Amino acid sequence: MFLEDIGIIPSQEKNPAAAEPSPSIINLTRRGFVAGTGLFVVAVTLAGCSNTEPDVDAANMKIPQAGPSPLTDVEGGDATPALWIAIEKDGTVKITCHRSEMGQQVWTSMAQIIADELDADWENVEIVQAEGHERYGDQNTDGSRSVRYNFHRLRLAGAAMKQMLVSAAALYWKLDPSQCSAATGKVSNSENGETLSYGNLANIAARLQVPSEADIVMKDPKDWRYINKEIPSLTVPLITRGEGTFGIDVHVPNMVYAVIARPPQVFGRTGSFNDSKTLAIPGVLQSVKLPDAKPPAMFQPLGGIAVVGTDTWAAIQGRNALEVEWLDGPSAGYDSDDFRKAMEIKARQPGTVRRSRGNAGKALAAADKTISAEYYTPHLSQSPMEPPAATARWTGDKLECWACVQDPQATRQTLADVLDIDKENITVHATWLGGAFGRKSKPDFVVEAALVAREVGKPVKVTWTREDEVRHGFYHSTSAQRLEAGLDGAGKCTAYRHRSVFPPISSTFDSATDVPSDGEMGMGATDVPFAIPNLQVESGTAKGHLRIGWLRSVANIYHAFAVQSFAAEIAHAAGRDQKDYLLELIGEPRLVNPNAEQASYRNYGGSTEDYPIDTGRLAEVTKLAAKMADWGRKLPEGHGLGIAAHRSFLTYVATVIEVKVASDGTLTIPGIWLAADAGTVVNPRHTRAQMEGGTIFGLSNALYGEITAKNGAVVQDNFPSWRVMRMGEAPKIFEVEIIASNSRPAGVGEPPTPPAAPALANAIFNATGQRFRTLPLIGANRDKLDIPAISTR
């Protein structure tokens, strides 16, 4: 759980005790999920196959009595095969994915891992979505951890089941298991060449003892059939045929539809209201006043008035007709422009030391040359293409919800807490997500649906409009940073000081908190890998006035922008090439341990032994990206190359961007070259897609993304004022290389985002001589860079 990484909540039990598997999972199909028909119910346990008659006769076989699975206490949690794999008589292998599918292709990657060790026939593999339950361990699809947290245990589950199937065949043939072998969904008899399909053997295998971890033999990586292969997506064909179900697609019998008018300020309250015009709108059924929100924000709804109708459009029209007096909350005076000034003042003052090497202050004073720079980044909105949507149905005291959530377990717990009902009476189905970027790990919108459904006595779907999402989200934190460097007479950097000030995410969970967590500071600040003899990282305090939440790559966005831009500024001050100087700052290959320099470094929840900060790997991607871009080549007038390299979520990424800046400030991006080292990669094809998407996400925010607030309320409301990058602005060339590696798997969803903004800013500097230290570079209301006088370089 990402909250663990940033130190907000205690770590979840990694190895929860095994519970009885769910008897069924509903496969939500866009066309079939109607009026109770079309529900596709499948058994999810291997034992479930015992209801079918096997083709092999097990009546006279002596099958050892099976005990509890010993795989409930392995790295990553329960790897008991029955939790993840079901084999049907016809040989179909149904794999349960406990993480949410939001376009990152986790369905495919989870299936690849299990199917490889199982030696399943890929053509017979199907995947089903798990409901929210602790038996799956961590289900939070956040923090780029789905593969990293589950690679080992899903391999174990697949390998264990294969061994059980082989043992079943050996029992049937009265052979030693060593005389049997498994491949592509069949077990072969080495004595006579006979084969039995997994479907034939499932009934016997289900009765066997699950082997212990020590007895499970997993494949040598050289024998992988599916892992590290470019297996096509399991979901894209369904999406293109309209067969997938997203949160906004869910329909249940007798449901009604709701939208909500929320107070413009966080913790604003509902005063008097008049819904007479609302109720006069055709299709509007009723209005429901929701409880006012109280600090801390947590994942609670914001309160307001829900308008319920026979369809969403009627509810929207009814909401437009509402007359509501909103009462001020504690953030009524929040002005993001004024807050920026306050943060910048704080960044110029000594802060709390979070990491220290040598004596940065003394070295700065003694330097032959010093430079300093201040950087600012605004609030951002995740703005997934599918805004939040949730459907809730009460049956007596039992609640069933369908929603596009990243963490169905947190959703279940939040529902239990807010509604004060037993968690065991709550079922949460995670649908597909039309993008998320951190927004849908906060289930406030599901609670809204449950509250309204309880009030109206019918199933209710709550839909957030784009305006709702932009005005009432959980925003990426704004930040102000000041960096200083000292150089000796030869231009070598001898001193470095970085002060970072931003409202922490923890302010959403404790309104009094104004100190950044170790996890946030470890995202690009305290883990800076530079080989500078005197180095100090400090943090300042800042209070949160909006709901602060995580957004793709989190604090790495503003830290990487500042640190990698400043690295280029140091290079310029030294009269050196950006790429060469960056490599000099990274230094010789070595392992960096911030904890040895007074830091409290969390390393994204991974141990520094398994996932050290390896400057050799960072330098390698930097050199490779530069080589791919033909760094140093002669460029046309107005063009510039910029480079940035950053480690986040345990993956190393370097990005080179070429820009073209016209004399009127019009910016185009002819090319991007990206090199990544993410350790063992399950699917290179999808990893490259993540690298492309994450980079475009970072560029979109860098060019246009800005959320501002006046009088405590967010100013922007939709894409005209919350601008995103458009298809025509994408680079003509986008090359990605993934370095082959046997290292442990690391994240791939978020690491490409942080280098995008500084590489872009560095490229613009090399093209024009103009240094941008404030994001966004253009903004929603402009279409060109603000460069009064172009000075091409």
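**Exercise 1. How many helices and strands does the secondary structure of the protein chain come to?**

Solution. The model is predicted, so local features need pLDDT of at least 70 and side-chain atom pairs count only at pLDDT 80 or more, while totals for chains, interfaces and linings use all residues. Residues are numbered from 1 along each chain as its sequence is written, and side-chain values use heavy atoms, with hydrogens and water left out. Helices (H or I, at least four residues) and strands (E, at least two) are DSSP runs, numbered from the N terminus. Counted in this way, the protein chain has 19 helices and 30 strands.

**Exercise 2. Work out how the radius of gyration of the protein chain relates to the globule rule.**

Solution. The radius is taken over C-alpha atoms, and the rule is 2.2 Å times the number of residues to the power 0.38. For 793 residues the rule gives 28 Å, and the radius of gyration of the chain is 28 Å, so the chain is as compact as a globular protein of that length. Along its principal axes, the C-alpha trace spans about 90 × 70 × 45 Å. Buried residues (under 20% relative accessible area with a 1.4 Å probe, protein chains only, where over 50% is exposed and anything in between partly exposed) make up 62% of the 793 residues.

**Exercise 3. Classify the ring pair of Phe 299 and Phe 474, and locate both residues.**

Solution. Rings of Phe, Tyr and Trp (its six-membered ring) pair if their centres lie within 6.5 Å, and planes under 30 degrees apart count as stacked, over 60 as edge-to-face and the rest as tilted. By this rule there are 14 aromatic pairs. In one of them, the ring centres of Phe 299 and Phe 474 are 6.4 Å apart and the planes stand at 70°, so this pair is edge-to-face. Phe 299 lies in the loop between strand E11 (284-290) and strand E12 (304-309), whereas Phe 474 lies in the loop between helix H13 (466-471) and strand E20 (479-487), so that the pair links distant parts of the chain, 175 residues apart. Both Phe 299 and Phe 474 are buried, and together with Phe 509 and Trp 550 they form one aromatic cluster.

**Exercise 4. Which charged ends sit over the ring of Trp 464?**

Solution. A charge sits over a ring if NZ of Lys or CZ of Arg is within 6 Å of the ring centre and within 35 degrees of the ring normal. The charged end of Arg 262 sits over the Trp 464 ring, 3.9 Å from its centre, and that of Arg 439 also sits over this ring, 4.9 Å from its centre.
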